[in-house]
Amino acid sequence: MNKEPLTLAVDGSGAEALVGAVGAAGVFALLIVIVWQSAATWRARMLAAREEQYKELATKYAQLLEETVEVQRRTVEEQRQTLDELTQTRLAVGSMEKMMREIE
């Protein structure tokens, strides 16, 4: 094993290696930042799209709720009318029965 201390060569090859290593580390760091930011941007877009879908669902739900309330109101009104007609029919049948008894 050679135990000589590490020295820079006079021709600068050691400095070139150091510059190359720093440059490679810088490139890797830049790539990591680019990937990280791309992922963050993608995630933000997905969250925004999901938020928009939630808003659309909330709007549809509100419309369906309004329609359901309107249908229930109409149903109650129709039931009230049917009940009134049934009451009138019972009164008419009752008066017819009374008249038939009187004729007998």
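Modeller: Start with exposure. Buried means under 20% relative accessible area, exposed means over 50%, and partly exposed lies in between (1.4 Å probe, protein chains only). Take Arg74: its relative accessible area is 43%, so Arg74 is partly exposed.

Biologist: What kind of model is this, and how are residues numbered?

Modeller: This is a predicted model: local features need pLDDT of at least 70, side-chain atom pairs count only at pLDDT 80 or more, and totals for chains, interfaces and linings use all residues. Residues are numbered from 1 along each chain as its sequence is written, and side-chain values use heavy atoms, with hydrogens and water left out.

Biologist: How many helices and strands does the chain have?

Modeller: Helices (H or I, at least four residues) and strands (E, at least two) are DSSP runs, numbered from the N terminus. This chain has 1 helix and 0 strands. Helix α1 covers residues 13-103, and Leu30 sits in it.

Biologist: What share of the residues counts as buried?

Modeller: The share is 0% of the 104 residues. Accessible areas come from the Shrake-Rupley method with a 1.4 Å probe; for residues, only the protein chains shown count as cover. The chain exposes about 10,100 Å². Carbon and sulfur atoms supply 63% of that area.

Biologist: Which residues form a nonpolar patch on the surface?

Modeller: Patches are made of residues with over 30% relative accessible area and no salt bridge: like charges are joined within 9 Å, nonpolar side chains (Val, Leu, Ile, Met, Phe, Trp, Tyr) within 5 Å. Here Val27, Phe28, Leu30, Leu31 and Ile34 make up such a patch. Together they have about 490 Å² of accessible area. Leu30 has 52% relative accessibility, so it counts as exposed.

Biologist: Now charges. How many salt bridges are in the whole structure?

Modeller: Side chains of opposite charge can pair when their charged atoms come close. A salt bridge is a side-chain nitrogen of Lys or Arg within 4 Å of a carboxyl oxygen of Asp or Glu. A search finds 3 of them. Glu70 pairs with Arg73, with the closest N and O atoms 2.5 Å apart. Glu70 also pairs with Arg74, at 3.6 Å.

Biologist: Why are Glu77 and Arg80 separated by about one helical turn?

Modeller: Because they are 3 residues apart in helix α1. Glu77 is partly exposed at 33% relative accessibility, and Arg80 is partly exposed at 46%.
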